[in-house]
Amino acid sequence: MTQEVTPQAAPSTRATDADSATLANLLQETRSFAPSDEFSGQANAQASLYDDADGDRLGFWADQARKHVTWNKDFTEVLDWSNAPVARWFADGTLNAAYNAVDRHVKNGLGDRVAFHFEGEPGDSRSITYAELQLEVCRAANALAALRITTGDRVIIYAPMLIESVIAMLACARIGAPHSVVFGGFSAEALRSRIEDAGAKLVITADGGYRRGAPAALKPAVDEALSALDAAGTNPVERTLVIRRTGQDVAWVDGRDIWWHDALAPADVRHEPVWVEAEHPLFILYTSGTTGKPKGILHTTGGYLVQTAHTHHNVFDLKADTDVYWCTADIGWVTGHSYVVYGPMLGGATQVIYEGTPDSPHRGRWWEIVEKYGVSILYTAPTAIRTFMKWGDDIPSQFDLSSLRLLGSVGEPINPEAWMWYRKVIGANLTPIVDTWWQTETGAIMISPLPGVTATKPGSAQVPMPGTSIDVIDEEARSVPNGSGGYLVIKEPWPSMLRGIWGDLERFKQTYWSRFPGMYFAGDGAKRDDDGDIWLLGRVDDVMNVSGHRLSTTEIESSLVAHDSVAEAAVVGATDETTGQAVVAFVILRQEFADQAAQGDKARQIEESLRSHVSKQIGPIAKPRQILLVPELPKTRSGKIMRRLLRDVAEHRNVGDSTTLADSSVMDLIASRVK
Ligand code: WTA
């Protein structure tokens, strides 16, 4: 395994001297914020949760399971860990995810509550109640059944942030067909490989969506992916359902493509949910790993719903009858699954979803939305917060943000300065901030303060959630003392844990369970401060985090090497003020191209074509910020590329210890090319 021991430092540890001085002052004054009166005693979460969980962990989870989820048949056993690391939680219980997210609220007399306020980028908006949603989900479930999609069939959803996309996910869940949502920013090639790996029978997509003030097409990528699969003779897809959003022209394959509205129109609005066993697959979500091939992270129904609902209730303190909750994540990421669709919907939340970008048509768009709907709970990523910081306080200050009472952060370490800005400028110096650490694999929040219980501390995710067993350990798997750093691990199974990598049990064991036997290795570095609070330090493996999105260095390297001009490539995530990390690629060209690059503008052209090549192969999010053409790469005697040194170069630092290089003059050569 290619491990580097030093965690990639979070932006917070790389502040400039001037920044550090202000920051030090700021933090000296405000080491932590005790819960305000609004929260003390009134919050959903009480300190007793920790005691309950410590006293009887499985009993605690059984209580949460019965409190937050309606079971069609109750379970008798909480956990079966006999086949570790594949867990079975609540295994003999049966339930349905869509029933829990929608129907039971209607049954409880809450049908008139708004489930979603949808805000389109061009300014169109629409609200849908739980009762209306129930009819639509039933209709869609019947439409899927009419297309012969049955329990166990996989469905790919490649669609923008629309109410229809949520309906599509819930319709799949209603019939027990695992969905696999592919983020709309991924390329046709990325889509193709996911369709193939999942063996999907149906693709649900849209003509396009609005982004940055213009319609962006989606369907062509589906057409391209399916043509490639047809050509290879490996196309599992029988039908595509196409949501009409923009009205733009789309190519049509008769007999395969069907409009979503045409499929739904004749469908009955009554549908009996399929009661599945707790361990029935709910979804597969692909995420980047340390090798080139994305991993299909498998989540099942019961444990996942229990933990997403429990964490949403306690971390976000949702008071469903008064709060308006907005999580800005796209449904293409796990945050959109757990904290737009399942967690909050199980809690009967009223939510906002927004289709577009924060700067369309102006940089105050998010704050305008907060004001318009009276958003009270906002959950977003540090990269967005840093962007708003850069744009200036005067933008949010033009809007009434007084409805906000709780703020959340997820996706990457939040530097204390951004944390303080978020609280001060967005939260009127009052709101608690919950910095939530978790992963696609963990399914739900694992480390977070609890509002009303925890005094919050800028920059730290702080405390493991009740019922979880999280530790920071050293190379020898010993817990590190307060004040020290190490690797983040999880020592006991948790309900929403991944159940495997789709179709690859061996890789699941190898990736997560082999580094420290008997423990789940998260891939993150962490430290414990003097109070014992946990600070996340970023990935310790070959995974980058760009704007809160996970990207694999290896995947981008493979994509570069596949280009005609490239002989060898090494990719690193370099610290970036706004996006947390940015992709920087070091490329050795094949001789003939290197000769060309030596002349005039040609090098720029090659760099540009490599950037668009990566964008086309993986998606615009993976496009390198910078490509550096170099004559050599720094390698150890055993041939391993020393990315740590390349990171030094990319971040304009003096190159660190290079004594283990096979040829130590290489770094001088690279540094001289880069200047
Ligand atoms: C990082 C997103 C620090 C971490 C939910 C993890 C964080 C990866 C935080 C998972 C946080 C997520 N503080 N780092 N609060 N939240 N991360 O699978 O490196 O897209 O391993 O899940 O994001 O990313 P993923």
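# Peptide bonds, ligand shell and a buried helix

Analyst: P85 lies in the loop between β1 and β2 (88-89). Helices (H or I, at least four residues) and strands (E, at least two) are DSSP runs, numbered from the N terminus. This is a predicted model, in which local features need pLDDT of at least 70 and side-chain atom pairs count only at pLDDT 80 or more, while totals for chains, interfaces and linings use all residues. Residues are numbered from 1 along each chain as its sequence is written, and side-chain values use heavy atoms, with hydrogens and water left out.

User: What is the omega of the peptide bond that joins A84 and P85?

Analyst: About 5°, and the bond is cis. Most peptide bonds are trans. The bond from S360 to P361 is also cis, with omega near -5°. P361 is in the loop between β17 (351-354) and α12 (365-373).

User: What makes T76 exposed?

Analyst: Its relative accessible area is 68%. Exposed means over 50%, buried under 20%, and partly exposed in between (1.4 Å probe, protein chains only). So T76 counts as exposed. T76 belongs to the loop between α3 (57-68) and β1 (79-80).

User: How do you know that the side chains of T76 and D92 make a polar contact?

Analyst: The distance is 2.4 Å. The limit is 3.5 Å between N or O atoms; within protein, one must be able to donate a hydrogen and the other to accept it, and residues adjacent in sequence count only if both atoms are side-chain atoms.

User: Which residues come nearest to the ligand?

Analyst: D435, T436, T440, D524 and R550, out of 17 residues around the ligand. A residue is near if one of its heavy atoms lies within 4 Å. An N or O atom in the side chain of R550 is 2.8 Å from a ligand oxygen. A polar side-chain atom of Q439 is 2.9 Å from an oxygen atom of the ligand. A polar backbone atom of E412 lies 3.3 Å from a ligand nitrogen. The protein covers 97% of the 530 Å² of accessible area that the ligand has on its own. That area comes from the Shrake-Rupley method with a 1.4 Å probe.

User: Why are β4 and β5 called paired?

Analyst: Strands pair if DSSP finds at least two bridges between them. Strand β4 (residues 114-119) and strand β5 (residues 125-129) have five, in the antiparallel sense.

User: Why is helix α19 described as largely enclosed?

Analyst: Seven of its eight residues (643-650) are buried, so the rest of the structure largely encloses the helix. Among the buried ones are L645, L646 and V649. Their cover includes α16 (553-561), β28 (566-576), β29 (580-589) and α20 (666-674). Just after α19, H652 has a positive phi of about 55°.

Notes. Contact = heavy atoms within 4.5 Å.
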